[in-house]
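Student: I have a new structure to get through. Can you take me through it piece by piece?

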Amino acid sequence: MFKIILDKELREIIGTTKFAVTFGVCAVLILLAFYVGARNYQISVQEYDASVTENMRQMEGVTDWANIDHRIFLPPQPLAALVSGVSNDIGRTVNMDVRGELRPEGSRFAEDPIFAVFRFLDLEFIFAIVLSLFAILFGYDAINGEKERGTLSLSFANSVPRDKYILGKIIGSFLALIIPLMIPILIGCLMLPLLGVPMNADSWLRLAMVILTGTMYFAVFLTLSVFISTLTQRSSTSFLVLVVAWVFAVLIIPRSSVLAAGRMVDVPSVDEVDFEKGKYSAQLFDERMNAMQAWTQANYQSDHRLMMEGMQAFRSEQQALVDEKMGIFVEQLNQERDNKADLRTGVALSLARISPTASFSLAASDLAFTSMDLRASFVDAASAYQQEFADFMRSKNADFGGDVFVGHGAPVVVEEPDPIDTRELPLFAYEPPPASEAINESLPDLGLLFMFNAFFFAGAFVRFNRYDVR
Amino acid sequence: MSNESASVDNTQSNSNSGNGSSAPRLEAFNLSKRYEDGVLALNNVSFQVAPGEIYAMLGGNGAGKTTTINVFLNFIEPSEGEARIDGIVAHKEPLKAKEHIAYVSENVMLYPNFTAIQNLDFFAKLGGHTGYTKDDYRDVLLRVGLQEVAHNKRLKGFSKGMRQKCGIAIAILKDAPAILLDEPTSGLDPSAGLEFIRLLGDLRSEGKAILMSTHDIFRAKEIANTIGIMNQGVLVMERAAKDLEGENLEDLYVQYMAGHTDSEQDVEIIS
């Protein structure tokens, strides 16, 4: 019985003009997303290569390591081609210094705001927006449509168990819709290496998980549609209910959860924090200047060289003290802000996860490693590199720690120094965490998507057992 | 033809009808249905339909005809009483009971994107017949009067009469001993109506027990063995058709619907 209903469902859906048209549109969009994503990735790689080359080029001819202006760059992630996540919103460049805070700057959207206006057509967008609508379009009248056509009563004039019927309907609809959609997705996957996106085993695993997550998300909207269809007697009513549910799930809940979290947890802005840091820095500067002045008055001596040496030593001591105080203050300030920001993020994401769309987007961006963790991971990698860079600069006597004290004395004639060899500079290499870590990160959202499916499936199942088939 | 093809041949039905047994196939026993809002849709309705008998149930809108059929189909559960199909209580063993009935609704819609044959194939399989061939479907469609040119066309272009014929073909394919027809001639043109009456006669001769709700007094008189009139959930009259010869059924119907007769006198069980 189950097989008969499943078979009917497959043939009924695939044989319609509605399916042919919507499938055609979706197939074109999916292939376009793969193509556009791959092209964007290529452009990002070119920009990244150009930035790295330009960074090295502008250091050519510099004769003192202390004068270099070194920057490091976030390499594009291959799967950002399909799930752009926040990869276009976060800064891709860090101005490297031997000390101090590192802050990524220069996001793609900041540099080319036009892309931010329309955003990119990626696979995540297609799943989240287009395919969820696709599921609603084919599921909204699963049960009440049969009732309106009179085929439900005719079917149940036979010895048809209701559980097998609803099971056949849901699984049949799912297979009828997802199998054809997998064709353009698989073609797109095969196109990726041909379009210049380097795919290793890790990337393929991530991509497979993204597609699995998308499939689960698609199933959520399909089971929801069938569930709503069993709750209503008219297909026009269920369609309206589902459109409203879609608007809430896709547009309202994720956005309003961020706003609500912002209301609940007050996080100082970066500017406010910077202002505090600046104020404290100015205070420390004044203290240091006063200390220097006091030292000069207390230690004045006629031997200019000795005095300069003493002053230099005191200045270094003072600088270390200032660095330490500033470091503690900045860390404390940053920690406070980070804690509040983490709390706000936690609240926002918890609220947003009421919507399956948020769960899907978070899981997909975790898997593609284009989530908010990307920025933190880049900053961590940059901080680790900063240590390496600082050691290198110290080895080159180029760590001056802020202002340079210039003593007055007879000019010394020295030979023209050789240019620095930029190849000596330690290389910055950024490696995203392995796929296994990304999968672990995405597990809560995958679990939620599973729960949504189970809930709507069970709802449809229970409700249909009491459905008036007349 | 396949093993199951005999089921569409009106001379070789493999149902257990026509075996000389006169035990009722369909039996309503003190059926009552009161909805949650308090409306009494059926009030102590009892009747029987024997093999090879057509029972025409007349009545206005809301009289309880369709409710009675729905109770037999277990689409609604009776508040009191039982609907039995071949002795099986419909609301107690619905799946078993439904093996013994075929059903044609008032407005057969079927799947508009399936062809006539695809619709027949699906519903035949639902009815437990998985061995039919395309020839079987063609034969039964020709039997119900659907021209061959329409057999492989999608139903969305079919007229109501054509869809109704498909519905009847589905009922025939199920080869059940009892058939429930809910306003089957509603909306059919006169020639299709006549064709339908001829077909019902054939099914009766196969030994099928047929319960038909209808507004069509003349066709009911023409084909039925027994005629019942329902009004406000009550079976107010039940008579053998032969007893009504010479009587103006239309006048009788109007009188019963207006409540101008003594129902105690007229309701008699036809065995």
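**Helix pairs, sheets and a chain contact**

Student: What is the handedness of the crossing of α2(A) and α8(A)?

Tutor: The crossing of α2(A) and α8(A) is right-handed. A crossing is left-handed if the near helix is turned anticlockwise from the far one by less than a right angle, and right-handed if clockwise. Helices (H or I, at least four residues) and strands (E, at least two) are DSSP runs, numbered from the N terminus.

Student: Before more of that, where do the numbers come from?

Tutor: This is a predicted model: local features need pLDDT of at least 70, side-chain atom pairs count only at pLDDT 80 or more, and totals for chains, interfaces and linings use all residues. Residues are numbered from 1 along each chain as its sequence is written, while chains are lettered from A and ligands numbered from 1 in the order in which they are written.

Student: Back to the pair. At what angle do α2(A) and α8(A) pack?

Tutor: About 20°, with the axes of α2 (residues 17–57) and α8(A) 9 Å apart. Axes are lines fitted to C-alpha atoms, for helices over the stretch in contact, and angles run from 0 to 180 degrees between N-to-C directions. α2(A) is therefore roughly parallel to α8(A); angles under 35 degrees count as roughly parallel, over 145 as roughly antiparallel, 65 to 115 as roughly perpendicular and the rest as oblique.

Student: Which residues of α2(A) and α8(A) meet?

Tutor: Among them are Phe23(A), Ile30(A) and Phe34(A) from α2(A), and Pro180(A), Ile185(A) and Met191(A) from α8(A). Contact is taken as C-beta atoms, placed from the backbone, within 7 Å. By class, this contact between α2(A) and α8(A) has 14 nonpolar, 1 polar and no charged residues. Ala, Val, Leu, Ile, Met, Phe, Trp, Tyr, Cys and Pro count as nonpolar, Asp, Glu, Lys and Arg as charged, and the others, Gly among them, as polar.

Student: What comes just after α8(A)?

Tutor: Gly196(A), with a positive phi of about 90°.

Student: What about α9(A) and α15(A), at what angle do they pack?

Tutor: Also in chain A, α9 (residues 201–231) and α15 (residues 435–464) pack at about 20°, with axes 8 Å apart. α9(A) and α15(A) are therefore roughly parallel to each other, and their crossing is left-handed.

Student: Now chain B. What is the strand order in the sheet of 6 strands?

Tutor: The order is β6-β7-β8-β3-β9-β10 in chain B, an open sheet with mixed pairing. Two strands pair if DSSP finds at least two bridges between them. β6(B) and β10(B) are at the edges with a single partner strand each, so one side of each has no neighbour in the sheet.

Student: How many bridges join β3 to β9 in chain B?

Tutor: 5 bridges, and the two strands run parallel. One pairing puts Leu58(B) with Ile229(B) in β9(B).

Student: Which strands make up the sheet of 4?

Tutor: β2-β1-β4-β5 of chain B, in that order, as an open sheet with antiparallel pairing. β4(B) and β5(B) are joined by 2 bridges, and Ile85(B) stands opposite Ile88(B).

Student: Last one: how many residues does each chain give to the contact?

Tutor: Chain B gives 22 residues and chain A gives 18. On the side of chain B that touches chain A, α3(B) gives the most, with 4 residues.

Notes. Two residues are in contact if their C-beta atoms, placed from the backbone, lie within 7 Å.
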